[in-house]
Amino acid sequence: MTTTPEPASSATATLPESRSWRAIAAACTSVVLWASAFVSIRSAGDAYSPGALALGRLLAGSLMLGAILLIRREGLPSRGAWPGILASGLLWFGLYMVVLNWGEQQVDAGTAAMVVNIGPILIALLGARLLGEGLPRMLVMGMAVSFAGAVVVGLSMSGHGGSSVLGVALCLLAAVAYAAGVVTQKPALRHGSALQITAYSCLIGTVACLPFAGVLVSEAADAPLSATLNMVYLGIFPTALAFTTWAYALARTTAGKMGATTYAVPALVVLMSWLLLDEVPALLTVGGGLLCLAGVAVSRMRSQSGRTRNSPAQPVEGRRDDAERPETDRPREEAAEAAGQG
């Protein structure tokens, strides 16, 4: 495999400190809420089938995001955003949520999170290929270590029968859908705000899951209140809020770097599962997860220590209708700053 250095930014230099802090806070918010989603999915999955749970979650998220769009008076994004909205809506909001729900019915929450988190490796590969973000040598080495960890997780579950193997396979499919969704979403953020891209992607995912509407209605009639509340929680917080904060942060850094932040999810999921569900992955599963984390640590060494002033990260700025978007003269200032550093 040929490795390439990370290209220099042609549009912006490093973000101002205040805006960088906001992006980090937004990414951390997404990570914590997504970790809680694995536990909530496990809880609600006893009463709702995978498709019905995904549709209920997306309906709640779409209603919340639609209300916020109306309050903020944000209309449709420009035409250039729609290919990314359609792709991420179908892959990340639609396919990912259905197969993840199904996979979590076959394996415990911690294992699901660990397997799904090979997604950042795929994001780095796709980002290098499709977005020109570069593929440093240390990143390639880290991917190899993390892949070994994913294999260990799969082997640790295979002793429990075909259903566990199916669960790992479903989580792997979820990882692919997640990675493809992130990479297709990033270019869309050039043409719309984080809220717009998230809201309309969520709506696309909702429409794609409408075939499960009949099942959702019938299961909701018999489901306990706790399961329904978990479904609503999934729609409002890990979907409406977390996907919006993710898009905000993604617009301000590279897809590969954002993907790497989600490797904090497995550790949080294991802790939450132990506290709330009384389930802890097997030692071999934990070992595979640690290998995944070690691989990401190796892959991040290049970006932390090897980047120079001439090869900064490549943020993709959202439009000015983001909440924190500066005044109208910001593009000229950033262009002048970039020209001065070049």
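Reader: Why is Arg73 called exposed?

Author: In this predicted model, Arg73 has a relative accessible area of 78%, and because a residue counts as exposed when that value is over 50%, Arg73 is called exposed. Its place is in the loop between α2 and α3 (82-104).

Reader: What makes the phi of Arg73 worth a remark?

Author: Most residues other than glycine have a negative phi. Arg73 has a positive phi of about 60° although it is not a glycine.

Reader: How do you know that Glu74 and Arg72 meet in a salt bridge?

Author: The side chains of Glu74 and Arg72 come to 2.8 Å, N to O, and since the limit for a salt bridge is a nitrogen of Lys or Arg within 4 Å of a carboxyl oxygen of Asp or Glu, the pair is counted as one. A search of the whole structure finds one salt bridge.

Reader: Are the two partners, Glu74 and Arg72, buried or partly exposed?

Author: Glu74 has a relative accessibility of 10%, and therefore counts as buried, the cut-off for that word being under 20%. Arg72, at 38% relative accessibility, counts as partly exposed, because that term covers the values between the limit for buried, under 20%, and the limit for exposed, over 50%.

Reader: Why are α2 and α9 called roughly perpendicular?

Author: The axes of helix α2 (residues 50-72) and helix α9 (residues 213-222) cross at roughly 90° and come within 8 Å. Angles of 65 to 115 degrees count as roughly perpendicular, and α2 and α9 are therefore described in that way. On the side of α2 the contact is made by Ala52, Leu55, Gly56 and Leu59, and on the side of α9 by Ala213, Val215, Leu216 and Glu219.

Reader: What makes Thr244 a buried residue?

Author: Thr244, which is found in helix α10 (residues 225-250), has a relative accessible area of 17%, and because buried means under 20%, Thr244 is called buried. When its neighbours within four places in sequence are left aside, Thr244 is in contact with Leu65, Ala194, Leu195, Thr198 and Thr239.

Reader: How do you know that Met258 is buried?

Author: The relative accessibility of Met258 is 3%, so Met258 counts as buried, the limit again being under 20%. Met258 has its place in helix α11 (residues 255-261). Apart from neighbours within four places in sequence, Met258 is in contact with Ala27, Trp246, Ala249, Leu250 and Thr253. For one of these, Trp246, the separation from Met258 is twelve residues in sequence and 8.4 Å in space, C-alpha to C-alpha.

Reader: Which elements make up the secondary structure of the chain, and how many of its residues count as buried?

Author: The secondary structure comes to 14 helices and zero strands, while 52% of the 342 residues of the chain count as buried. The accessible surface of the chain comes to about 14,800 Å², and 66% of this belongs to carbon and sulfur atoms. Among contacts between residues at least 6 apart in sequence, 92% join residues at least 24 apart.

Terms used:
Residues numbered from 1 in each chain as written. Predicted model: local features only at pLDDT ≥ 70, side-chain atom pairs only at ≥ 80, totals over all residues. Heavy atoms only, no water. Buried < 20%, exposed > 50% of the residue type's maximum accessible area, 1.4 Å probe, protein only. Axes fitted to C-alpha atoms, helices over the stretch in contact; angles between N-to-C directions. Helix = DSSP H or I, 4+ residues; strand = E, 2+ residues; numbered from the N terminus. Parallel < 35°, antiparallel > 145°, perpendicular 65-115°, else oblique. Contact = heavy atoms within 4.5 Å. Areas by Shrake-Rupley, 256 points an atom, 1.4 Å probe, with all protein chains shown as cover.
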